[in-house]
Amino acid sequence: MSTPPNTTGSPLSDVTAVLLCGGKGERLRPFTEHLPKPLVPLRGKPLLQHLLRYLSLQGVRRFVLCTGYKAEAIVRFVEELSLPLDLEEVVCVDSGEDANMADRVLDARRHVPGRALICYGDTLANVDLGSLARHHADSGALATMTVYPLQSPYGIVSLDGDTDRVSGLLEKPVLPYWINIGFILCEPAALDEMRRGTDLMMFLGSLTKRGAVRAHKHQGKHLTVNTEKERTEAEGEIEFFTLLEGTGT
């Protein structure tokens with residue numbers, strides 16, 4: 001079902017979520033030998049279902065799922081989807097297994113009449129989308145990307161100057177950098193700048209050179225699932241999302 005977007009009321013009423021679901025997920029084998037990565041289960045439900053529920057509870061009503069690897073499985077998932085909230089549109093757009101991210105977004109654009117919220121299909125985060133939308137509007141940016149503090153996966157050793165004397169040890173510290181976790185809110189004029197054959201970093205890099213990108217800092221929950229280790233860790237933390245109102249059904 002497709003209806004025109006409602007541009008009044010919620011700060012997200014004209015937003016279409018564009019979910020990147022086409023990757024092969026090769027680091028997550030054997031799960032991804034039979035499933036696309038967004039359908040890998042976390043506590044018995046596909047990762048994508050957790051993401052759709054969270055976004056819909058935040059007020060997003062239109063979704064485009066950018067598929068590729070095992071696209072037919074995501075189409076079946078959508079056909080059988082049962083969400084507690086009324087949605088205006090959930091469609092799948094298949095760009096093939098080998099398409100890059102920019103091509104997937106551009107292929108989806110015919111279903112994006114207003115602004116786009118670009119999300120990775122393998123990433124969950126309890127981003128306050130209302131706050132993101134207000135930040136984006138206040139800044140006047142063409143695109144606002146959500147960023148998360150970078151935590152070192154390793155212990156850090158400090159040395160005393162140029163000597164070999166150890167002066168400190170830190171176990172997996174949070175570093176003074178931020179990573180892009182998706183949840184990128186884009187104006188239509190930003191999408192006009194996207195070029196086929198490129199990737200999201202090139203797209204954002206081009207806009208950044210013009211001073212047209214802002215960062216929305218998120219320091220809440222953030223789960224990404226690229227490996228079996230990360231999937232196991234996510235299962236341990238996914239309860240936070242399932243306990244949100246309406247997500248446990």
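Figure 1. Leaving aside neighbours within four places in sequence, H216 is in contact with V127, D128, S131, L132, H135, T144, M145, T146 and V147; contact means heavy atoms within 4.5 Å. H216 belongs to strand β13, residues 213–217. Strands (E, at least two residues) and helices (H or I, at least four residues) are DSSP runs, numbered from the N terminus. With a relative accessibility of 9%, H216 counts as buried. Buried means under 20% relative accessible area, exposed means over 50%, and partly exposed lies in between (1.4 Å probe, protein chains only). The side chain of H216 also makes a polar contact of 3.0 Å with the side chain of H135. A polar contact is a pair of N or O atoms within 3.5 Å; within protein, one must be able to donate a hydrogen and the other to accept it, and residues adjacent in sequence count only if both atoms are side-chain atoms.

Notes for every view: residues are numbered from 1 along each chain as its sequence is written, and side-chain values use heavy atoms, with hydrogens and water left out. In this predicted model, local features need pLDDT of at least 70 and side-chain atom pairs count only at pLDDT 80 or more, while totals for chains, interfaces and linings use all residues.

**Figure 2. The largest nonpolar core.** This core has 37 residues, and those with the most contacts inside it are L19, L48, L55, L117, L129 and F183. A nonpolar core is a set of buried Ala, Val, Leu, Ile, Met, Phe, Trp, Tyr and Cys residues joined through side-chain atoms within 4.5 Å. Two or more residues come from each of β1 (15–20), α1 (47–57), β4 (62–67), α2 (71–79), β6 (115–120), β7 (123–125) and α4 (129–139). Helix α1 gives the most, with five residues. Another core, of 29 residues, lies apart from this one and includes V91, A116, V147 and F203. In soluble globular proteins, nonpolar side chains tend to be buried together.

**Figure 3. Positive phi at F183 and at K172.** Most residues other than glycine have a negative phi. F183, which is not a glycine, has a positive phi near 50°. F183 lies in the loop between β11 and β12 (184–186) and is buried, with a relative accessible area of 0%. For K172, also not a glycine, phi is positive at about 45°. K172 is in the loop between β10 and β11 (174–180). Its relative accessible area of 36% makes K172 partly exposed.

**Figure 4. A nonpolar patch on the surface.** V157, L159, V166 and L169 form this patch, and together they have about 390 Å² of accessible area. Patches are made of residues with over 30% relative accessible area and no salt bridge; like charges are joined within 9 Å, and nonpolar side chains (Val, Leu, Ile, Met, Phe, Trp, Tyr) within 5 Å. The areas come from the Shrake-Rupley method with a 1.4 Å probe; for residues, only the protein chains shown count as cover. Strands β9 (156–159) and β10 each supply at least two residues of the patch. L169 sits in β10, residues 166–170, and counts as exposed at 66% relative accessibility. Not counting residues up to four places away in sequence, L169 touches I156 and V157. The C-alpha atoms of L169 and V157 are 4.8 Å apart, although the two residues are separated by 12 residues along the chain.

**Figure 5. Salt bridges.** The structure holds 13 of them; a salt bridge is a side-chain nitrogen of Lys or Arg within 4 Å of a carboxyl oxygen of Asp or Glu. In the pair R62 and E88, the closest N and O atoms are 3.8 Å apart. This pair links distant parts of the chain, 26 residues apart, with R62 in strand β4 and E88 in the loop between α2 and β5 (89–94). Both R62 and E88 are buried. R62, E88 and E89 are linked in a network of salt bridges.

**Figure 6. Two further salt bridges, R196 with D107 and E228 with R231.** The side chains of R196 and D107 meet at 2.8 Å, N to O. These partners are 89 residues apart: R196 is in the loop between α5 (188–191) and α6 (200–209), and D107 is in helix α3, residues 101–108. In the pair E228 and R231, the closest N and O atoms are 2.9 Å apart. E228 and R231 are separated by about one helical turn, because they are three residues apart in helix α7, residues 228–237. E228 is partly exposed at 32% relative accessibility, whereas R231 is buried at 9%.
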